[in-house]
Each structure stands twice: as structure tokens, then as C-alpha cells.
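Here is a short briefing on one structure. It covers a helix pair, a ligand shell and two further helices.

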Amino acid sequence: MKCVDDFRLRFGNREYVPIMIGGMGVDISTADLSLEAARLGGIGHISDAMLPTVSDRRYDTKYVRDKLKQYKYNVANADKSEVQFDLGLIAEATDTHVRRTMERKRGDGLIFINCMEKLTMNSPKETLRARLRAALDAGIDGITLAAGLHLGSFALIEDHPRFRDAKLGIIVSSLRALQLFLKKSSRTGRLPDFVVVEGPLAGGHLGFGMDWAEYDLATITAEIQAWLKAEQLDIPLIAAGGVFTGSDAVSFLENGAAAVQVATRFTVTQECGLPADVQQHYFAASEEEIEVNTISPTGYPMRMLKSSPAIGAGIRPNCEAYGYLLDSSGNCAYINAYNRELALHPDAKRLKVMDKTCLCTHMRNFDCWTCGHYTYRLKDTTRRNPDGSYQILSAEHVFHDYQFSKDNKVALPEEAAA
Ligand SMILES: Cc1cc2nc3c(=O)[nH]c(=O)nc-3n(C[C@H](O)[C@H](O)[C@H](O)COP(=O)(O)O)c2cc1C
């Protein structure tokens, strides 16, 4: 039986271990995690979600404080259209994170940035352009365009000197989404360098409706592959969502995928951004504790642990400090849900908002515990500590398990020293 290491992902004349660690916002796929993937010869992702906030935490900047100060007068106002990002500061925050990550890169792999296009930031096109261009300026190896697929994204950077040298890819969950993107971007004369096909078992936002369970990754991948062949388009396909073991990966690679994108197994590694106590919740989760719900204001279903503190929390919208999900008119579905509850319960000490959540605040605070479908199997990938907690893994251990394991086996870590 083969293992993942028997395959290679090829970009031009360069070869990589065909394991890509997917982007996980907000700073769940950290620079450290991406650097490990690159060091081990694969591909890692940092995330561009809420980078000013991430920069404050990591690099001691004060973007959030300053923005809140600027717009404090608007906090109680339901109309958020005035709350705009400064494009120069967005570019600066992106530049800092990307540059500092790339400076530390070692090994033969690559580091990409996952660009969450659903972060419309009250000015979708302009803020996306600033983020994409700053990442290219700062030397990122590649960009993966995710959730919200802005069909005109390539056009936003087509005049950038690195437009043809950086690796550019997209995430799709259907052949139709891919066809639309290719049609719209054909004018730029550039195909994506890779296409991540993300099935319904992935973590984060899903590119499906609440009927996600009716779809399956292998079928969608085969459909896209057949279409690309018929069109004589040679674009590497990267299968994502529910690839839990090396053997799962091998089955996609044997069926023509160029690589796999994985994430959930890395949520319980030392290099991942999730706090250690949250990682214990991921380990301990049972299958019944994982749900796909519609509380994300983006309108996309999202998978998460039912015990996420974000569910039901009725905090005041934090758009003056954050505001990443504001659409071009300054609206967010959470603002409407919050104001509705406030009107119904004007004297309540603590509001409960069940249908939507303030995703910016809760992702920022690691209180929205988004995860892949197979999170309930994480407990089988480690050992228990004497106090009953689960042993946190190293990213290298998980990466090598994907790379070398066979027969559906999962290697356990070395026993922790007593
Ligand atoms: C905690 C978590 C956060 C995620 N955040 C993002 C994100 O910000 N952008 C994105 O495109 N995908 C996101 N994903 C999806 C992953 O990048 C990946 O494609 C998918 O989860 C792979 O499936 P697996 O988790 O079953 O391995 C996230 C996944 C997880 C587990």
C-alpha cells in the first residue's frame, strides 16, 4: 500500500510534499504553523482575516484601539456606514505579518496566505485590493482565494509585477463555481495555479447550503477533474475536507488529486493559534457535539462545537473596533439580529441572540470553535496525560503522520516524559 510520500505536488519544475495545511482564521493557522509546513517540504497558510487585530496581538501595534477611538461616537448607532478602514493601515498590517513570516521561512516548502473574500470590510473591492497587493509586495509565495469568491479578484492585481510569478489559487465547492471564476477571470489571461476542491466535511464556512450532507468530496472532485480534462485544462486539484488519515489522502492522490488540504488535525498542535484550553474541548468533543449552523453573518453555514461561547452571546456589535463583515452599505446580519432583540427586551441585563453571532469579536477571542466534521476523532490521535487531559501534538508529528502512515493507521505521539 502506498503512502502520501510516494506522491509529489508539482508547480512548474518544483516538487513539494503534497500536503497543504489550510488557512484558518483568525490566526488559528499561525505563522509558526505555516513555517512548519514549509520546513517539512509542504505548503502552509497564514490567514489574512482581521490582520490589524492579529498585528496588535503579535507585533504590539495599536490598530484596534486607534480605530475604536476614531469611531467611538458611532458605537450606539445602528448605521455603521461611516465606519471605514484606512486602506494604508490595512496594507501596513498585511505587510508586517507577511514579511515577518517570510523572513523566518526555512526549507523547501511554500507559504501562502488564505484570503477570506467574505471579509467585505465596508468597502469590498478596495479593501480586498489593498490586502492582496500588500501580501504580494511583502513576498508571499502564493494566495488562496477563499469564501465569498470575488469573481473579479485576479483583475484587482493583474497589473502587479508579481501577478504571474506568485502562485494563485481558489477554493471552490462545485464545478459551477469554478466555471464562473474561470469565465470571469479569462480576460486576465491567467489560469489559477491550483484549485482547492473543498467538500462538506471541512471546518470554517462551507460552500454549501444546509443540505451539505447530500454532497461528497470524491464525487465533486471527480466531476471537476473530468471537466478540466474535457477542456484540456491542466490545473492541479487539491482535495480538502475530511481527509483525516494518510490513507484518506492516498485515495485522493491515487484518483488524480495533486495534493490534499488538511486543517482539523492541526488544530490540536502546539503551533496552532487556539488556546490550550480550547484545544482540550476539540479533543474531548463527541460526534453529537459538532453542528453545522447558520449563525455566521456571512450567510454561509459554518461548522462548530455546540458548546462554542459565541452561540447565543448577545454582545453589542463591535464594528467600530472591528467591522470586518460590514457590507458595502455598512450592514451586517448580526447588527439587525442584535437590534431586534434589544427592541424586544429593552430592560434585559444580558441579551441572548440565537440566530446570528458577532463573528468578528468571537473569532478574535477564540470563542467560536469552528472545526471539521471529524473533530470527534482527534482523541484517537493522541495520548491522555495523567490528569486526564489530552497531550497536545507537534505539527511535525501530525505532518509526518499524514506523509508516512499506511493502512488507515494514525501514529500516536511519544509518551510525554513523567
Ligand atoms: C478551525 C478552522 C478554521 C478554518 N478557517 C478557514 C478560513 O479562515 N478560511 C478558509 O478558507 N478555510 C478555513 N477553514 C477550512 C480549512 O482551511 C480546510 O480547507 C478544511 O478544514 C480541511 O478539512 P479538514 O479540516 O477536515 O482537514 C478552517 C478550518 C478549521 C478547522
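Helix 4 passes helix 5 in a right-handed crossing (the near helix is turned clockwise from the far one by less than a right angle). This is a predicted model: local features need pLDDT of at least 70, side-chain atom pairs count only at pLDDT 80 or more, and totals for chains, interfaces and linings use all residues. Residues are numbered from 1 along each chain as its sequence is written.

**Helix pair**
- The axes of helix 4 (residues 87-103) and helix 5 (residues 124-137) come within 8 Å and cross at roughly 35 degrees (lines fitted to C-alpha atoms over the stretch in contact, angles from 0 to 180 degrees between N-to-C directions).
- Helices are DSSP runs of H or I with at least four residues, strands are E runs of at least two, and both are numbered from the N terminus.
- Helix 4 brings L87, I90, A91, T94, D95 and V98 against E126, T127, A130, R131, A134, A135 and D137 of helix 5 (contact: C-beta atoms, placed from the backbone, within 7 Å).

**Ligand**
- The ligand is surrounded by 30 residues, the closest being G22, A146, G203, G204 and G372 (C-beta atom, placed from the backbone, within 6 Å).
- Strand 5 (110-116) and strand 11 (259-262) each give two or more residues to this shell.

- S247 lies in helix 9 (residues 246-254).
- S247 is partly exposed, as 19 other C-beta atoms lie within 10 Å (buried: 20 or more; exposed: 12 or fewer; partly exposed: in between; C-beta atoms placed from the backbone).
- Beyond four places in sequence, S247 contacts S405, K406, D407 and N408.
- In helix 10 (residues 276-284), V278, Q279, Y282 and F283 are buried.

Key:
Two residues are in contact if their C-beta atoms, placed from the backbone, lie within 7 Å.
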